[in-house]
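Dear colleague,

Please find below the structure that I am handing over to you. My notes on it follow directly after.

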Amino acid sequence: MLKSHYHCLYKVTYHLVLLTKDQKNCFNEDMLVRLNEITHELCDKADIKLVEFNAGSDHVYLLLEAHPNVMPSRFVNSLKTVTSRFMRKEFGGELAKFYSEKVLWARGYCLLTSGDVSDKTIADYIGKNTNRLNKDSSASE
């Protein structure tokens with residue numbers, strides 16, 4: 001459904017995938033529940049609609065609807081920073097098993113506009129990073 005704002009009709013939808021640093025399987029169910037709550041709060045504050053939240057032990061997938069004035073890169077940076085801070089504060093013991101540094105997310109992210117994006121495109125992004133990481137770790141051994 002199109003939204004309106006003054007003299008503008010729009011529907012701006014993004015697929016966002018965040019991977020954990022080195023794609024480590026560090027999230028458990030309690031962490032994912034809390035991550036979902038924090039993400040909802042941040043989206044509400046930014047006036048972004050969180051349409052869908054899916055996650056696994058090593059990644060988070062979000063479907064977002066935003067106003068055209070929203071700068072996606074700025075929102076993603078804020079989302080990664082704030083969720084990392086809260087998760088490390090609340091689940092520091094669990095995350096310390098995976099990370100010696102104060103990190104959570106991989107440096108990059110996948111942000112796609114809605115349209116011809118399939119589940120396969122998103123799965124390929126997650127899979128390619130897994131394959132790259134496996135090659136990097138086996139080469140360093």
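Strand S5 is covered on both faces: His59, Tyr61, Leu63 and Glu65 are buried on one side, and Val60, Leu62, Leu64 and Ala66 are buried on the other. Buried here means under 20% relative accessible area, exposed over 50%, and partly exposed in between (1.4 Å probe, protein chains only). Strands (E, at least two residues) and helices (H or I, at least four) are DSSP runs, numbered from the N terminus. In a regular strand the side chains alternate between the two faces of the sheet. Because eight of the eight residues of S5 are buried, this strand is largely enclosed by the rest of the structure.

This is a predicted model, in which local features need pLDDT of at least 70 and side-chain atom pairs count only at pLDDT 80 or more, while totals for chains, interfaces and linings use all residues. Residues are numbered from 1 along each chain as its sequence is written, and side-chain values use heavy atoms, with hydrogens and water left out.

Two strands pair if DSSP finds at least two bridges between them. S3 and S5 run antiparallel and are joined by eight bridges, with Thr13 opposite Glu65 of S5. S4 (residues 49-55) also pairs with S5 in the antiparallel sense, over six bridges, and Asn54 has Tyr61 of S5 as its bridge partner. Three residues lie between S4 and S5, which form a hairpin.

His67 lies in the loop between S5 (59-66) and helix H2 (72-90), and is buried at 15% relative accessibility.

With kind regards
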